[in-house]
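Thanks for coming, everyone. I'll keep this brisk. Please have a look at the sequence and the model on the screen.

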Amino acid sequence: MAFTGRGQPVAAGGGGPDRGAALARYALLPLRVFLGVTFIYAGLDKLTDSAFMAASGPGSLGELMHSVRDSAAIPGLVDLALKSPTGFGYALAAGELAVGIGTLFGIFARLAAAGGALISLSLWMTVSWTATPYYYGNDLAYLMAWLPLIVAGAPVYSVDALWSGGRRRRRGALFTQRRAQPFT
């Protein structure tokens, strides 16, 4: 059995016109889970790797930024990170955590997706810009993966959906109250 999205089960293979629309509501859920978990993991990985958070040395963010500075599409972004590699590393990790949590749980999901797209765009324009062929650099693929979530948000299994449902119920109750009051 499958659900049409309105709580009405239908037999497998059947459905009607609402079935496609109902399934479409859930289509981005796997992408949301993947990106949310991946960005949470990336943020935690950075926070727990003392070598990465160092300003210099093997495996440090500072060393990585120095190595990509001259080949980046926007060297100014790299220069900005090089002013304080450790501070930038903590900001990047915190951003990845916020984006991951917001995406996974659907908390301000469109804003979280826009943040994820901005992080991916920044990394593509700096760290993975020289990947040849271009599809070897994963940051461009992540950027493209964020776009549907910016457009659609998190309509199911999300805090946003709970908040939206509460607003609809309050608006409906207010409308019912107004209709019940006699005109004077």
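Which residues does threonine 126 touch, not counting residues up to four places away in sequence? The answer is Val68, Ala72, Ile74, Leu77 and Val78. Keep in mind that this is a predicted model.

Let me stay with threonine 126. It sits in helix α6, residues 109–126. Is threonine 126 buried or exposed? Its relative accessibility is 7%, and the cut-off for buried is under 20%, so threonine 126 counts as buried. The backbone oxygen of serine 122 is reached at 2.7 Å.

One of the contacts of threonine 126 was Val68. That takes us to helix α3. Which residues of α3 are buried? Leu61, Gly62, Met65 and Val68 are. They span an arc of only 140° around the axis, so they lie on the same side of α3. Turn to the other side of α3, and you find His66 and Ser67 exposed. What covers the buried residues? The cover includes α4, α5 and α6.

Next, the salt bridges. How many are there? The count comes to three.

Start with glutamate 96 and lysine 46. Their side chains meet at 3.1 Å, N to O. Glutamate 96 is in helix α5, residues 85–105, and lysine 46 is in helix α2, so this pair ties together parts 50 residues apart in sequence. Now look at accessibility. Glutamate 96 has a relative accessible area of 3%, so it is buried. Lysine 46 has 15%, and that is buried too.

Now to arginine 69. It forms a salt bridge with aspartate 70, with the closest N and O atoms 3.7 Å apart. Arginine 69 has 27% relative accessibility and counts as partly exposed. Aspartate 70, at 70%, is exposed.

Arginine 69 also meets aspartate 79, at 2.8 Å, N to O. Where do these two sit? Arginine 69 is in the loop between α3 (61–68) and α4 (75–82), and aspartate 79 is in helix α4. They are ten residues apart, and the pair links distant parts of the chain. Aspartate 79 is partly exposed, with a relative accessible area of 29%. Shared partners join Arg69, Asp70 and Asp79 into one network.

On to the aromatics. A pair of rings is described by the distance of the centres and the angle of the planes. The structure holds eight aromatic pairs. I'll show two.

Phenylalanine 34 comes from helix α2, residues 29–47. Tyrosine 142 comes from helix α7, residues 138–152. Phenylalanine 34 is partly exposed, at 45% relative accessible area. Tyrosine 142 is at 18% and counts as buried.

The other pair is phenylalanine 39 with tyrosine 142. Here the centres are 6.1 Å apart and the planes are at 70°, so the pair is edge-to-face. Again α2 is paired with α7: phenylalanine 39 lies in helix α2 and tyrosine 142 in helix α7, so parts 103 residues apart in sequence are tied together. Phenylalanine 39 is buried, with a relative accessible area of 6%.

Which residues do the ring pairs link into a cluster? Phe34, Phe39, Tyr142 and Trp146.

Last topic: confidence. The mean pLDDT of the protein is 87. Of its residues, 80% reach 70 or more. Which element has the lowest mean pLDDT, and which the highest? Strand β1, residues 2–3, has the lowest, at 48. Helix α2 has the highest, at 98. Where pLDDT is low, the predicted coordinates should not be read in detail.

To recap, with the picture still up. Threonine 126 is buried, and its contacts include Val68 and Leu77. Arg69, Asp70 and Asp79 form one salt-bridge network. Phe34, Phe39, Tyr142 and Trp146 form a ring cluster. That's it from me.

Terms used: Residues numbered from 1 in each chain as written. Heavy atoms only, no water. Helix = DSSP H or I, 4+ residues; strand = E, 2+ residues; numbered from the N terminus. Buried < 20%, exposed > 50% of the residue type's maximum accessible area, 1.4 Å probe, protein only. Polar contact = N/O pair within 3.5 Å; in protein donor to acceptor, adjacent residues only side chain to side chain. Contact = heavy atoms within 4.5 Å. Phe/Tyr/Trp six-rings, centres within 6.5 Å; stacked < 30°, edge-to-face > 60°. Salt bridge = Lys/Arg side-chain N within 4 Å of Asp/Glu carboxyl O. pLDDT = per-residue confidence, 0-100. Arc of directions from axis to C-beta.
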